[in-house]
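I opened the notebook today to record what I looked up, entry by entry.

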Amino acid sequence: MDIPFIHQKLANGLDVIVHEDHDCPIVAVNVWYHVGSKNEQPGRTGFAHLFEHLMFEGSQHHDSGYFRPLQEVGGVVNGSTNADRTNYWEVVPANAVELALWMESDRMGYLLPALTDAKFENQRNVVLNERRQNYENRPYGFAGMSLVAALYPPDHPYHWMTIGAAEDLKAARLDDVRAFFQTYYRPRNASLALAGDIEADRAIALAIDYFGDLDAGPEPRSVDTRYTPLAGETRLVLQDRIELPRLYLAWHAPALFAEDDAELDLVSEVLAGGKTSRLYRSLVYEQRIATEIAASQGSRELGSFFQIVATAAPGRALAEVEQAIARELARFLETGPEARELERCLAQAEAHFLHRLQTVGGFGGKSDQLNAYNVYLGTPGYFDRDLARYTNAGAASLHRAAMRWLGAGRVALSVVPHGRAALALEGSQPVSVS
Amino acid sequence: MSIDRSRLPLAGPEPRFAFPEIRRRRLSNGLDTWTAVHREVPLVSVLVIVRAGAAFDPADRPGLAAITGDLLDEGCGDLDALALHETLGRLGAQLDTEVGADAALVGLTTLERSATPALALLSDMIARPRLEAADFGRVRDLRLNRLLQLRDMPPAVAERVFTQRLYGAHPYGHLPIGSDASLGAMGADEPRAFHGRMYDPSRTTVIAVGNGSYGGHAALADAIETAFGAWPADHDGRVLPDPAALPIPPGSTELVIVPREGAPQSELRIGHVAVARTSTDYHALVALNLVLGGQFVSRINTNLRERKGYTYGARTSFEFRRGRGPFALQASVQSDATADAVREALSELRAIRRERPVTAEELELGRAPLTRGYPRGFETAEQIGRAAAQLALYDLPDDYFTTFVPKVLALTPEDLTRAAATHIDPSRFLTVIVGDRSTMGAVDDLGLGEPMTVEANG
């Protein structure tokens, strides 16, 4: 079930990975830069993502929008930034793969000559509007920022969210763009994957043609990942324009691909994946004190956090919700999962893995997955081993992981309607975000 | 080799692409089975379409079709809700139910090795759901809670006000989720009666797309027949009237403001009732929309986002349904640019009808996703199933997919401009703004009349 591929590192350090899939006459071109909001500095947050926007606004030899030529040939194009990496992708008809490579290589090599104040100002406004739409004007939109700020100290690279602070975005300067590009947007720090209806030899030859001449760039310095474990529970309260209070519980958890990472992913499934999960069944189905429940292992490169999120049913206090979660959690920490629970979660995990094999491109498709393995683990060929992390997990290892990580040190954030601070967990300190 | 960076490389000759074949079989109970073979991964994707959408809600019971659809997986046959989900989970099945205006769609994707038991469960959910009172009460409460939460979500508020004012009492005049009053007054027997009336093999199409190793078309169709063949048809021969065909009252042409104090953005909807899926202008309208506001490089997004920076994104859409669906522009714009954004949007919507007609270059760019990009829409089993569902939902001919690209290629710029002039009528626009009146600028100077205020909870 592995994804067959060939992998070649060019002289300038660019990794090129090719996977052939001739079922549909399309090719996915996917570029990862190993830079994200973790590489930003306090006071300059949100920059990696703002930079991503500028990558679509033109480069030296094509000094206008990047969407147009790619859409003209029937392709789609997009990109995204998170804490750890930034990705850019196109899915184009098989006859237009050179266009995608031309454009990706032009912005990798020649972005800065096309950069102007006008583009910068425009995209800063677009990003401020993205922030307004997805965070400021959305119920519970500030919860994520409050959580990461409490989980990590101010100088830790995960202390802020990728969207950044509005005042930092307003303070960003064009010179910052230049320095950022010179440091991080270089072949040495990038990985190119092609998947789809193309011969591997031709793909490699084209990659060499288009990217081989670009300068390697410097070795980016690594970021400081130290943080102090949470000693006990930090209780916070945030007031928002909402009707139903919501509780977020968050614990530090092991990094992506580290020991216990897959186990905690499965634990989240046992606790809150689907209607037969323990928390859904108890809080939503039987007691009906919550109207929504979710759990997740948010796997990230430098360290993850595990969270449980529950929205109270009308008239229910978060204290009652918290106690019900605590009972289920204690029961799980006592005995671990039952065999039938593990069987269900493993079947679901297998189905999720197969799902990701269905598409060559886009977010989470095969080209994106090959780049993820390559950037985080140094090898694109990790699909089977990744799945094996799950299929090899046993009840005892889930139990052990939960005991090791889901202890007393955690952040408990209550989000309550304006003026209803009493609905929060007792002793919660107000947080201020905007 | 040194690369020529003086110009973009041209695309080569277009690759050949054949749409996957759909084979049909009608079962003796009247149920249609459609199958397609897809070789990619060992998954089988099944889509059940029942013509039982929200347009079939009784006038005083908006939300009935949707809650009925929601209850299908709350227990069926011998299994209660928990036992059903336990079984689905162990089969590696993903279930996804959505109730739209015209139909209920139940999608299930499962590991190939569990396709037979998964189909049996799916059949029980569709044909023999338990619809018990206790489950109804619990699910109704969850939906009431959801309605409560939607009050604070500007896109949901805008959508509801826009829909109600466009269609009034027409069956398209409410969102599928319904209202507090309706759900609050609903009895447990109502979903049962709705299911009895609307869920029938003669109103159902089951589409299965799967790997060839499962055995191809015949094996897929046999598996559906085994699962659904025993579902008895309702033999009284009633043909239910199509509510979508009812006349639509003239919609509101007001400027409506839903106050949201302190909102950093205004949520916009501008549009009117437009055309049905059966319109002979369908292809022209799809291409027109891509030029106007249907993709990143469209006129509207280029203006409001890439030139003005007012928004993270603005788009337009024609929603094609069995009856006449809405045409709408939607965007979230920063509050202090609201009046300017509406002015720019209106100016684009007017101009494409005459002053700035669609150019040949725009047509090429607009239709590229429909022609050169066409194969991309048929990569996964789920995509193929969804595409086939369009044929079932709108009674489209068998050759629909093979004639689609040639029809789009035959369009001229004049066809698109004419379609805009015919089907976009600024004099009929309803404009809804959810935002803070005190910061949105001079919205009373937009020529849309005196703004009227509607409360979000109203």
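**Entry 1: terms and overall build.** I take helices (H or I, at least four residues) and strands (E, at least two) as DSSP runs, numbered from the N terminus. Counting this way, I find 15 helices and twelve strands in chain A. Chain A has a radius of gyration of 23 Å, close to the 22 Å that the globule rule gives for 434 residues, so chain A is as compact as a globular protein of that length. I note that this radius is taken over C-alpha atoms, and that the globule rule is 2.2 Å times the number of residues to the power 0.38. Along the principal axes, the C-alpha atoms of chain A fill a box of roughly 60 × 50 × 35 Å.

**Entry 2: how I read the model.** This is a predicted model, in which local features need pLDDT of at least 70 and side-chain atom pairs count only at pLDDT 80 or more, while totals for chains, interfaces and linings use all residues. Residues are numbered from 1 along each chain as its sequence is written, and chains are lettered from A and ligands numbered from 1 in the order in which they are written.

**Entry 3: burial and cores.** I call a residue buried if 20 or more other C-beta atoms lie within 10 Å of its own, exposed if 12 or fewer, and partly exposed in between, with C-beta atoms placed from the backbone. By that rule, buried residues make up 54% of the 434 residues in chain A. A nonpolar core is a set of buried Ala, Val, Leu, Ile, Met, Phe, Trp, Tyr and Cys residues joined through C-beta atoms within 7 Å. The largest one has 201 residues, and those with the most contacts inside it include Val92(A) and Val46(B). A second, separate core of 69 residues includes Tyr135(A), Ile242(A), Leu247(A) and Val270(A).

**Entry 4: where the chains touch.** Two residues are in contact if their C-beta atoms, placed from the backbone, lie within 7 Å. Chain A gives 58 residues to the contact and chain B gives 61 residues. Which helix of chain A supplies the largest share of its side? I find that helix 4 of chain A does, with eight residues.

**Entry 5: a helix of chain B.** Ten of the eleven residues of helix 9 (residues 282–292) of chain B are buried, so this helix is largely enclosed by the rest of the structure. Its buried residues, among them His283(B) and Asn289(B), pack against several elements of chain B, including helix 10 (299–307) and strand 11 (311–318).

**Entry 6: a sheet in each chain.** I count two strands as paired if DSSP finds at least two bridges between them. In chain A, six strands form an open sheet in the order 9-10-8-11-7-12, with mixed pairing. Its edge strands are strand 9 (290–298) and strand 12 (429–430) of chain A, each of which pairs on one side only. Strand 8 (residues 246–253) and strand 10 (residues 304–312) of chain A pair in the antiparallel sense over eight bridges, and Trp251(A) stands opposite Phe306(A) in strand 10 of chain A. In chain B, an open sheet of six strands has the order 11-12-10-13-9-14, again with mixed pairing. Strand 9 (residues 255–259) and strand 14 of chain B pair in the parallel sense over two bridges, where Val256(B) stands opposite Met452(B).
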